[in-house]
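Thanks for coming. I will take a few minutes on one model, starting with the interface and then going through each chain.

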Amino acid sequence: MREYIVETEALAKHYKRAAAVDGIDLAVGRGEIYGFLGLNGAGKTTTIRMLMGLVRPTAGEIRIFGEPMPRRRMAVMGRVGSLVESPSYYAHLSGYDNLRIVSTLLGVDEAEIRRVLGVVGLSPADAERKVGQYSLGMKQRLGIASALIGSPELLVLDEPTNGLDPAGIQEIRELVRRLPREFGITVLVSSHLLAEVDQIATSVGVIHRGRLLFQGPIDDLRAHSAPRVRVEVDRRDDAMAALRAAGIAADTDSEALTLSSVRRDDAAAAVRVLVSERIAIYRVAEERRTLEDIFLELTAEGAVA
Amino acid sequence: MRALLKTEYLKLRKGLSLAIVGAAPTLLLLATGDYGGGEGWEAVYYDAAFSYAWLFLPILSGVYAALVCRAEHLDGGWKHLLARPVRRWRVYAAKYVTVMSLVTLGHAVMFATALLIGLRSGLGWTSFPWGLFVRGYLGSLIAVMPLAALQLAVSMRWKSFAGPLGLNVTLALPSLLAAQSPKYGPWYPWAQPVLAMVPSEGYLGLNVSVTTLVVIICGGFVLAFFGGMIAFSRGDIHA
């Protein structure tokens, strides 16, 4: 059996009016970068807050490193670093002093501060400045640095690239990718951007309206999210037969055909076949699927994990 | 707990705290005149201790309470702190100890200021009424404890900085009136420090009766301190 670093069972949080999280079973394996994907308000942050012991679950169970939470919180949280929602910091203190507070709380040596500053790429000069003067990207990096103090085995990052410019996003992405490789850290990273999760995660959980719609390897989600070429024609059945005879992979629904390949040659070949069969082509368009489309598709399939 | 106290010290805005601690004594040094004309140490006690205890002390304890929560209320500090391996009740206790340390520091400075005012007026050491001063200062320090606990409980819940302070000042202003009422005075938390300054036959050599000490001060402390602690330990952290 696989070793799970984070596991939840029917985890739920109900507020007066509605269920923010409605019975989800997470399973995050060791050494993974687990992308926790969902639109804003889907329940990502509430789930993460429950994992961290900040919010009390209404129902369900949480195990981190196999230990029941929040019962074993004190033992577990020393091995977890987190960045929940926006970065937290004490603006009136220097970056170094912010980290000193964390190292004092965790009872680790101050040498650790220089190490994590190096990992996130904050210079000693930056560390001496007050955090109030930092750019958002620097605050984000300081937040990750503070989460890395004490060499945690699990790092939980909630929307770590929110509000960053493209260069900052790229930097954080590369940093997150390095962590499991270099330090053996398991990373749980939430995002509302499909492309973001697609680029860094090894496995993924999709949450929608408090429910987990999908959970599994990133490649399985890619199958759902890959772009397709849609072709609208007059005689769909004849067109399908012609394509099949020509060895071109295609699919059909009530409105149009879809080609699995988005390569230009393949599209041209398909059009050639259809024209030679005198099938009228109304439209050929690439269809990029948004997160909403995937949610709709997953919901329609009833693929509730 | 020691680590938590150390982090509270690291987080404290030292300059601002010292300015707040030093403000009242400075005002007093400037405002008071000469006590050399036969008025003696008692007059120094009443002028220096009373004005401090009836207004400054209950307001300042509230300012300190707001100050130690300020760093967490800004920029998501609560989740940052509480997602660490810390117990919430210890966080709460560390904050309270920090508040009371600042109150005690302010008290010590006030005591020294009163001495300074007396010595400046040419009053001698030999006539210094230790009993009067020690009873008053020690008593008011104990009497402010339940109030400080109440103020901390409110400050931890209330994200606004000005809110708890405004409320606190509003409630502190009538403390002298309340203190003069034999009926309501003993029950009004903001009046406790000044009441403990008024020399009277009390319990354990303090200026308060055994009923006041046990029921109001100890009882009030237990209620406010543990009430605030339990509320903080159980609540969800969304900030």
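Before the first value, a definition: buried area is the accessible area, with a 1.4 Å probe, that two parts lose on being put together, summed over both. What you see is a predicted model.

By that definition, chain B and chain A bury about 2800 Å² between them, with 55% of it on carbon and sulfur atoms. On the chain B side, the residues that lose the most area to chain A are B:K79, B:R84 and B:P85, and together they make up 25% of what that side buries. In residues, the contact takes 30 from chain B and 31 from chain A.

Next, the polar part. How many salt bridges does the rule find across the interface of chain B and chain A? It finds 1. That salt bridge joins the side chains of B:D236 and A:K13, at 2.7 Å from N to O. The residue pairs in polar contact between chain B and chain A number 17, counting pairs with both residues at pLDDT 80 or more.

Which helices of chain B supply at least two residues each to the side that touches chain A? They are α1 (2-11), α3 (40-73), α4 (77-82) and α11 (210-234). The largest share of that side comes from α1(B), with 6 residues. By residue class, the side of chain B that touches chain A divides into 12 nonpolar, 7 polar and 11 charged.

One more helix in chain B. Helix α5, residues 88-120, has 33 residues and reaches 48 Å from its first C-alpha to its last, close to the 48 Å expected at 1.5 Å a residue. After α5(B) comes B:G122, with a positive phi near 85 degrees.

Now chain A as a whole. It has 12 helices and 15 strands. Its C-alpha trace spans about 75 × 45 × 40 Å along the principal axes. Of its 305 residues, 50% count as buried. Taking contacts in chain A between residues at least 6 apart in sequence, 70% join residues at least 24 apart.

Is A:D109 buried or exposed? A:D109 counts as exposed because its relative accessibility is 55%, and the cut-off for exposed is over 50%. A polar atom of the A:D109 side chain lies 2.9 Å from the backbone nitrogen of A:A111. From A:D109 to A:H14 the separation is 95 residues in sequence and 41 Å in space, C-alpha to C-alpha.

Terms used: Residues are numbered from 1 along each chain as its sequence is written. Chains are lettered from A and ligands numbered from 1 in the order in which they are written. Side-chain values use heavy atoms; hydrogens and water are left out. Helices (H or I, at least four residues) and strands (E, at least two) are DSSP runs, numbered from the N terminus. The expected span of a helix is 1.5 Å times one less than its number of residues. Contact means heavy atoms within 4.5 Å. A salt bridge is a side-chain nitrogen of Lys or Arg within 4 Å of a carboxyl oxygen of Asp or Glu. A polar contact is a pair of N or O atoms within 3.5 Å; within protein, one must be able to donate a hydrogen and the other to accept it, and residues adjacent in sequence count only if both atoms are side-chain atoms. Ala, Val, Leu, Ile, Met, Phe, Trp, Tyr, Cys and Pro count as nonpolar, Asp, Glu, Lys and Arg as charged, and the others, Gly among them, as polar. Buried means under 20% relative accessible area, exposed over 50%, partly exposed in between (1.4 Å probe, protein chains only).
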